[in-house]
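Open the model in your viewer and keep the selection tool at hand.

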Amino acid sequence: MTHLTLIKNAKVYAPAPLGIKDVLVAGNKIVAIEDKMNVSGLGTAVTILDANGKIMIPGIIDQHVHLTGGGGEGGFSSRTPSITFSKLIKAGITSVVGVMGTDGSTRSPQDLFAKVMGLRAEGLSAWMHTGSYQVPTVTLTNTIRDDLVFLEPVLGVKIAIADHRGSFPSTDELLRITSDVRMGAMLAGKKGVLHMHMGGLPDPFKQINELVERGIPHSNFSPTHVARTIPLFEEAASFAKAGGVMDITSGGSCAFSDPGEAVFAALESGVPTERITISSDGNGSLPKFNEAGEMVTITAAAVDSNIHLLRTLIDRGLDIGQASAMMSENVAKSLGINKGEIALNADADFLLLDDNLDIDSVFSMGVAILLDKEQRVMGNFEE
């Protein structure tokens, strides 16, 4: 028998504002959204939770988390550790895309795949990109195309552009990689994205724009860390206004006073709200290099930076629905996954926020993993 959960009196942002609603969850799906709902005649057990006007938003979709760790630029001791289920949930993340980083030698896509499947077993929706900074791309199978065709969790390829730690692929090499992503995605019924770590070297979008001119759609590119430098940000904004997306990192290096300022700068420059996504770079390394190119310090990005940025954006006047969409609906559309909204027959992934915009409850696939700020479903390793 499918268990029913009724969330009453929630201020729903779907992410568009719906007002105060009752939301009925059956199993892992949302099956009703009404002003007032009477479930007394359903003839089955119903768990009723009164939200008392708390804000309901879609669960955060973080498309850039180093699930198995990142780093390594300072030797073996500088590798960041694997992330836990508990940390993701407490950050409001109900869907996550795992990526590799600088290190494609001591870390592997096989390990990342295992982590993704483990998080699924624990109760999260999880995917991954194959590849790391380097070219040739490290894959699970023999080819990029086969990774996308035969491995359902693989959504695309990660690569580094305009970064001194990357491989500086030629435009033709990038074209072949993107073509493999597109063809593999077509065969598998996926969207397929080339998820690009954007560095701070000159002309970061030069090759991307050349590929667009040669016929690759904007929608197959997912440039991230775009607020790293002002020139990079300006090129990313132009790319987004031309039909692409720009992914602003909430937990990494930023040329603005903070990532919130970068979001408002993008909006003020004319980038449509739906063309902006936000990811954390959670658990990734944040190295600093001196003029000689030597690493002098390294830290790990916080995985909960998205929820903190959400609060900042709202406090500075951005509509709750617009701010939430940058971390949910917009991301889902960019990735081509069926997530990111509170709607009939949608997956029951949502957060309840209190008056301070702190996370009160987290529902993932209909399960109350966090309720009244207490974790109810535990992963295998808790912190």
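The protein has 10 helices and 19 strands; helices (H or I, at least four residues) and strands (E, at least two) are DSSP runs, numbered from the N terminus. The radius of gyration is 20 Å, close to the 21 Å that the globule rule gives for 383 residues, so the protein is as compact as a globular protein of that length. That radius is taken over C-alpha atoms, and the globule rule is 2.2 Å times the number of residues to the power 0.38. Along its principal axes the C-alpha trace spans about 65 × 45 × 40 Å.

This is a predicted model, in which local features need pLDDT of at least 70 and side-chain atom pairs count only at pLDDT 80 or more, while totals for chains, interfaces and linings use all residues. Residues are numbered from 1 along each chain as its sequence is written, and side-chain values use heavy atoms, with hydrogens and water left out.

Colour by burial next. Of the 383 residues, 57% are buried (buried means under 20% relative accessible area, exposed over 50%, partly exposed in between, with a 1.4 Å probe and protein chains only).

Select helix H8, residues 305-315. Eight of its 11 residues are buried, so H8 is largely enclosed by the rest of the structure. Among the buried ones are Ile307, Leu310 and Arg311. Just after H8, Gly317 takes a positive phi of about 110°.

For a contrast, go to Asp355, in the loop between strand S16 (350-353) and strand S17 (359-364). Is Asp355 buried or exposed? Asp355 counts as exposed because its relative accessibility is 78%.

Now select strands S10 (residues 193-198) and S11, which run parallel and are joined by four bridges (two strands pair if DSSP finds at least two bridges between them). His195 has Ser222 in S11 as its bridge partner. Together with helix H5 (residues 206-213), S10 and S11 make a right-handed β-α-β unit; right-handed means that, with the strands pointing away from the viewer, the path from the first strand over the helix to the second runs clockwise. In S11 (residues 221-224), Phe221 and Pro223 point one way and Ser222 and Thr224 the other, and all are buried.

On a 1 Å grid over the protein atoms alone, a cavity is a set of points where a 1.4 Å probe fits but cannot get out, and a pocket is an open set with protein on both sides within 12 Å along at least five of seven lines; lining residues have an atom within 4 Å of a point.

The largest pocket holds about 400 Å³ of space. It has 29 lining residues, and those closest to its centre are Arg165, His197, Arg228, Ser253 and Pro287. Strand S14 (residues 285-289) gives the most to this lining, with four residues.

The second largest pocket holds about 230 Å³. Select Arg120, Trp127, Glu152, Ile337 and Asn338, the closest to its centre of the 15 residues that line it.

Finish at the largest cavity, with a volume of about 30 Å³. Its lining includes Ile57, Pro58, Leu310 and Met327.

Notes. Grid points are joined across faces, edges and corners, and a volume is the space filled by probe spheres set on the points.
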